[in-house]
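The sequence and structure are shown first.

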Amino acid sequence: MAATELKCELSWSASRAKEFERCKREYWYSRYASWGWWTERPRAQKFEIMVHKNLTSLPAFTGDVIHRAIERWFQLRRAGSTMNATELMEEAINLFRTGWRQSSTDAWEERPNKSTHLFEHHYQHEISKERTEHARKLIEVATRYFCESPALEPVRAAAPDDWLAVESLDTYQYLGTKVYAVPDFAYGANEKVHIWDWKTGRPREDDIFQLHTYALYACEKWQTDPEDITLYAAYLGEQEVQTIPVQIDKLSEAQDRMSMSLREMMDVHYDPDVDDLMMDNWPTSGAPEACRFCRYQGICDGAAS
């Protein structure tokens, strides 16, 4: 059987939309400039861009290890076991240490697209003891809140047979385009669907939008009526849960926003294998503050100095 030919197709997610809004050049680097790096012999520009694409910041990495530790909690729960707060914290800390070693010792170079490579290490920014202590404290607070908070008791008590999604990457079609959805956790109970998202930062308006895109996914994936969906933004570090019943008007607003974002992406989408690059479609944001934290600052000719 012939191998499936890879094609650079347009796809949408809330995080990709945010990147597109923030800086068109950043989006181009992430979605087009490194396309086909795996075929590049010898390794050259595409490979270098891929390396930058996979950089992650210390806060994002800390949030990721918390997510992965919680995913492990669910795996054990499905198998009939579980982890208490201390064990969950140790799981996350071990993941943090493994990733830190990969990044700080250049071990990431063995699998650059699969390993942890910190933005701070790549650009040789000093990571203070205060910042690493803050990361450790966040892990401790978040894992304890997940395991012990009464607000998350419905999550911990949900029977595995009722689970609909656990960190499951899935897609559906909208306007002829693949839309990604990755609910952290969803379960059904009494003909209702409950969708949870773990957050390790402070509350943001975009969090509510992202959750509503998951509600749209639930309507498509599980044929759920919007009124039967409840959304939960669990801010583990802040020890707070926001409960958001889905309302038709809010869901329509989210769908309109998604449609507008997707159409803007369609207008500039191209296939690097066959189409000419029109660099005028990919201007930099010109925002020095954004450039300062951008993964591509070391290779972008439009980065603010």
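Asn190 is found in the loop between β5 (185–189) and β6, where helices (H or I, at least four residues) and strands (E, at least two) are DSSP runs numbered from the N terminus. The model is predicted: local features need pLDDT of at least 70, side-chain atom pairs count only at pLDDT 80 or more, and totals for chains, interfaces and linings use all residues. Residues are numbered from 1 along each chain as its sequence is written, and side-chain values use heavy atoms, with hydrogens and water left out.

**Backbone geometry**

- Most residues other than glycine have a negative phi, and most peptide bonds are trans.
- Asn190, although not a glycine, has a positive phi of about 55°.
- With a relative accessibility of 73%, Asn190 counts as exposed (buried means under 20% relative accessible area, exposed over 50%, partly exposed in between, with a 1.4 Å probe and protein chains only).
- Gln223, in the loop between α9 and β7, also has a positive phi, near 50°.
- Gln223 counts as exposed at 62% relative accessibility.
- Arg41 and Pro42 are joined by a cis peptide bond with omega of about -10°, and Pro42 is placed in the loop between α2 and α3.

**Aromatic contacts**

- The structure holds 27 aromatic pairs; rings of Phe, Tyr and Trp (its six-membered ring) pair if their centres lie within 6.5 Å, and planes under 30 degrees apart count as stacked, over 60 as edge-to-face and the rest as tilted.
- Trp12 and Phe209 form an edge-to-face pair, at 6.2 Å centre to centre with 85° between the planes.
- Trp12 belongs to strand β1 (residues 11–12) and Phe209 to helix α9 (residues 205–221), so this pair ties together parts that are 197 residues apart in sequence.
- Trp12 is buried, with a relative accessible area of 0%, and Phe209 counts as buried at 9% relative accessibility.
- Phe74 and Trp163 form another edge-to-face pair, at 5.2 Å centre to centre and 85° between the planes.
- Phe74 is in helix α4 (residues 58–78) and Trp163 in strand β2 (residues 163–166), so the pair ties together parts that are 89 residues apart in sequence.
- Ring pairs also link Phe74 and Trp163 into a cluster with Trp73, Phe146, Phe185, Tyr187, Trp196, Trp198 and Tyr232.
- Arg257 lies over the face of Phe209, at 3.9 Å from the ring centre; a charge sits over a ring if NZ of Lys or CZ of Arg is within 6 Å of the ring centre and within 35 degrees of the ring normal.
- Lys24 lies over the face of Phe20, at 4.5 Å from the ring centre.

**Second largest pocket**

- The lining of the second largest pocket comprises 14 residues, of which Trp28, Ala33, Gln45, Lys46 and Ile49 lie nearest its centre; on a 1 Å grid over the protein atoms alone, a pocket is an open set of points where a 1.4 Å probe fits, with protein on both sides within 12 Å along at least five of seven lines, and lining residues have an atom within 4 Å of a point.
- Helices α2 (24–33) and α3 (45–53) each supply at least two residues of this lining.
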